[in-house]
Every structure is written in structure tokens, then in C-alpha cells.
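Keep the sequence and the 3D view at hand while reading.

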Amino acid sequence: MSSPKPLIPLWRQLQGAAGVLESVRAGRSMTAALERVEPSLRPGVQALSFHALRWLGRAEALRQLLASRAPPADADALLCVALALACSGEPDPAGASEAVPDALYTSHTLVDQAVEAAKRSHSMQHQASFINGCLRRYLRESEALLKAVNTRPQAVWNHPQWWIDRVRKDYPAKWQEILLANNCRPPLTLRVNQRRTDRDSFLAALAEANVPANPVGEHGVILEHARSVTQLPGYAEGHFSVQDAAAQLAAPLLLQGLQPAGDKLRLLDACAAPGGKTAHLLEMADADVLALDIDPTRCERIGHNLERLGLHAQVKAADAARPELWWNKALFDGILLDAPCTASGIVRRHPDVRWLRRPSDIAQLAALQAGLLEALWPLVRPGGRLLYCTCSVFLAEGQEQIQTFVAHHTDARIGPSPGHLLPQSKAFAVVFPDNLLREHDGFYYALLEKHAD
């Protein structure tokens with residue numbers, strides 16, 4: 001009989017979350033920071049880090065009122081994590097894709113454990129009294145302090161001011177709903193592998209395992225409560241992949257009605273890692289698929305994911321923007337270009353993105369996207385198509401990008417495609433009330449059909 005796992009004290013998890021926040025502030029991704037956290041601590045640290053980053057705008061505004069002069073970086077990170085947890089009200093609802101803390105705690109426990117985290121850190125010991133004073137003042141004066149910070153947009157919406165301004169400019173009628181959806185926790189959405197099973201059978205297997213779930217889209221399943229993916233029925237057998245409902249539109253959009261010029265469809269997934277869309281193409285069509293990614297390590301992930309699903313593609317580490325280095329001169333029936341972008345549409349899954357990005361990133365990435373379109377369009381045969389997509393809500397990376405491309409290419413026509421899909425949460429189902437995808441990330445899709453000049 002195995003002994004129960006020892007409870008991990010909250011102060012240790014707070015230390016870890018403060019370290020993650022400090023890394024994000026230094027320009028490193030939360031994913032990379034979490035990989036350096038001790039495995040036993042990681043689930044709790046991840047949950048606290050996600051929560052802190054979703055409420056960071058308000059936490060930083062409160063810290064500025066509580067202490068006009070910022071403490072050292074590590075102490076400031078710890079204080080902001082604690083304030084984010086203290087000021088956010090009710091815990092996030094169940095059903096999200098990230099882990100949740102082992103236990104809830106009172107405000108006074110939070111203060112006590114934050115001070116303990118400082119005392120047990122060699123570099124923060126001398127800041128323990130300062131952190132204690134700030135947090136106890138917050139508890140005494142929370143109503144007045146929250147009223148004061150709620151005059152600041154960054155504290156209200158928990159996004160950088162430039163991001164708020166950009167979304168408001170792009171979507172004057174919907175900007176508030178977009179920002180609210182960004183702060184919600186995302187569901188765990190799966191895509192059923194049609195080569196191995198069907199959705200009804202998979203839903204039945206989930207029900208037998210007491211995992212409530214519902215169909216979404218054409219091939220998707222959305223879980224009512226998050227679970228460890230590897231523990232779900234059919235994981236080892238390759239019955240499903242994790243993929244957001246909006247991302248599941250890519251393969252059907254590219255393939256619907258597409259006929260091969262030869263005996264078999266010839267397809268290119270130009271920026272393929274980690275391979276979710278490559279796999280979906282192979283699940284839907286008998287096709288020769290070339291999957292490219294510029295990062296060899298990420299290419300290995302594509303191979304591993306395809307192997308679990310029982311699928312095969314030619315995987316190559318190469319720069320899609322330089323076809324002269326990898327293309328064999330055979331034209332493609334279809335190209336999927338999921339271009340690098342700001343990831344502004346998947347902020348609910350990656351809440352660090354909003355704090356890592358800078359306003360100049362949009363123009364730089366838009367230039368990269370334009371270069372990829374120019375490089376890959378000549379590789380599409382007449383009568384073929386290229387599906388351009390980004391996980392961004394910014395018009396410069398979607399609608400404006402494609403309008404410019406089509407204006408300069410007389411052989412390109414925009415086929416039936418949804419354009420900008422805004423992030424949708426069940427908590428704020430007002431952006432697209434009749435949306436059959438229910439909950440999904442923000443995406444942009446444009447299907448470019450190639451005609452003779």
C-alpha cells in the first residue's frame with residue numbers, strides 16, 4: 001500500500017510562481033520557466049503562475065499604490081503574485097486545461113505564506129517585513145485600494161495599455177468581450193483520430209471512464225473538466241490529439257473540394273510543429289504530406305506525435321521562406337501556412353504572451369508573414385490553394401495582411417473562409433452567440449485559391 005503524497009506548503013509554490021513571474025518580466029516564456037521548476041512543485045506553481053499572469057495588471061497597480069518605490073525584482077514578483085491571488089475574488093471555474101492548486105486558502109493564510117516564502121529565501125529575507133506590511137495594508141484597505149486602481153485600464157482589463165488600445169482600434173464594438181475572454185481559463189478540447197476510432201465511440205469510452213464531455217465542431221470533443229491527457233482512454237492507442245476547436249478548422253478548410261492534379265494529393269504544412277494540423281490532414285485525406293519546421297527539435301516532436309497516432313509524413317527541418325533549399329520543384333495541390341504571429345488569439349492558454357510582446361512585434365511579424373506568403377505562393381499549382389492562418393486577433397496579421405497580398409497577386413482569390421474568429425469563452429458567450437464551436441481560441445483563416453492570370 002503506497003503512502004499518501006506529502007502536502008506541498010503554499011510558501012514553496014509561491015516562491016516558484018514568483019520565480020516564473022520574474023522570468024517572464026525578464027523576457028522568457030512561462031513554458032520555459034516552468035520546465036525549470038522541480039517536478040513535484042510544477043502543478044501548483046503552474047496554477048498560481050497562470051492565475052497571477054491573468055491578474056497581473058491589477059496586481060501591479062495595487063503594488064504601485066502600496067509602495068511607490070519598487071522593491072528588488074524577486075520581492076516585487078512575490079508581492080505581485082500574492083496580490084494577484086488576493087485581489088481576484090473567486091477561484092477560476094473548473095474545466096480548465098491547466099492544473100489547479102491542491103487546496104483553497106484564506107487571505108490571512110496567503111499573507112502568512114507569502115511572508116514565509118520571503119523569510120525562507122536567502123535573497124528576500126530582508127524584504128519579509130515589507131511584504132508583510134504591504135499585504136496586511138491591502139487586507140485592511142482593499143475596498144478603497146481596488147476603487148482607486150479601477151480607474152486604470154491596465155488594472156481593469158489586465159493587459160498592457162498598448163494591447164488594450166490595439167484591440168479597441170481593431171474591434172471598436174467587441175474589444176471588451178475579447179479582453180474578458182482572454183482572462184478566462186480555456187477548456188481541454190480534443191480532436192478524434194478518424195483513422196483509429198469515431199467520435200461516438202470515443203465519447204462512449206469517456207463516459208465509461210466517468211469523464212463528462214460533449215461534441216464540438218466536426219471532429220472535436222470538449223471535456224467538462226480538465227484531466228491528465230495521458231490518463232484518458234485511448235491515449236496510448238492514438239485515438240485523439242489535443243487541439244483547440246478553432247485550430248481544428250484548418251484541415252477541413254484546406255481539403256474541402258480539393259482534387260489532386262495527379263494520383264494523390266500533394267500537400268505542404270509549412271510551419272508544422274508540433275504537428276497537430278499535419279496529423280489532421282493525414283486523418284482526413286490519403287495524401288503525401290511534407291511537414292516543415294525551422295527548428296530540428298520541434299521536428300522531432302512532429303515525428304513523435306505522428307507515430308502515436310499511427311500516421312506518416314515526410315518531416316524536414318527547413319526554412320519555409322527559402323524553398324530553394326528544400327523544394328524539389330513539384331507543385332503542391334494545397335499548402336497550409338500557419339504563420340508565426342503574436343499569438344494574440346491564444347492569450348487565455350498562454351497568459352504570459354500579453355506581457356512578453358511589444359508593440360513593434362506586430363509589424364515585424366507581419367513582415368515575416370508577408371515574406372512566407374510571397375515565397376510559398378509560387379509553389380501552389382494553378383487550381384490549387386493555400387490556407388493562410390494565424391492564432392492572432394490583430395487585423396495586421398490577418399485581414400489586412402491578406403487584403404494586401406490579394407491586391408498584389410491577380411491570380412489569388414479569397415475562397416470561402418471564416419476570416420477572424422474571436423476568442424470565445426462560455427463565461428462571456430456574447431461575441432458570437434450562435435457559434436457552434438462553443439469555446440475556442442482567436443484565429444484568422446483565409447483560403448487563397450490560385451487562378452490563371
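**Salt bridges and cysteines**

The count comes to 18 salt bridges. The model is predicted. Disulfides number 0.

**Arg25 and Asp76**
- Arg25 pairs with Asp76 in a salt bridge, with the closest N and O atoms 2.7 Å apart.
- This pair links distant parts of the chain: Arg25 sits in helix 1 (residues 10-25) and Asp76 in helix 5 (residues 73-87), 51 residues apart.
- Arg25 is partly exposed, at 33% relative accessible area, whereas Asp76 is buried, at 8%.
- Arg25 and Asp76 also belong to one network with Glu60 and Arg63, joined by salt bridges that share partners.

**Glu283 and Arg191**
- A salt bridge joins the side chains of Glu283 and Arg191 (2.9 Å, N to O).
- Glu283 lies in helix 13 (residues 276-284) and Arg191 in strand 1 (residues 189-192), 92 residues apart.
- Both Glu283 and Arg191 are buried.

**Arg381 and Asp333**
- The side chains of Arg381 and Asp333 form a salt bridge (2.4 Å, N to O).
- Arg381 is in strand 9 (residues 380-390) and Asp333 in strand 8 (residues 332-338), 48 residues apart.
- Arg381 is buried at 15% relative accessibility, and Asp333 is buried at 3%.

**Cysteines**
- The closest cysteine sulfur to that of Cys80 is in Cys87, 9.8 Å away, so the two are too far apart for a bond.
- Cys80 is buried, with a relative accessible area of 1%.
- Cys391 is in no disulfide; its nearest cysteine sulfur, in Cys341, is 3.5 Å away.
- Cys391 counts as buried at 14% relative accessibility.

Note on methods
Residues numbered from 1 in each chain as written. Predicted model: local features only at pLDDT ≥ 70, side-chain atom pairs only at ≥ 80, totals over all residues. Heavy atoms only, no water. Disulfide = S-S within 2.5 Å. Buried < 20%, exposed > 50% of the residue type's maximum accessible area, 1.4 Å probe, protein only. Salt bridge = Lys/Arg side-chain N within 4 Å of Asp/Glu carboxyl O. Helix = DSSP H or I, 4+ residues; strand = E, 2+ residues; numbered from the N terminus.
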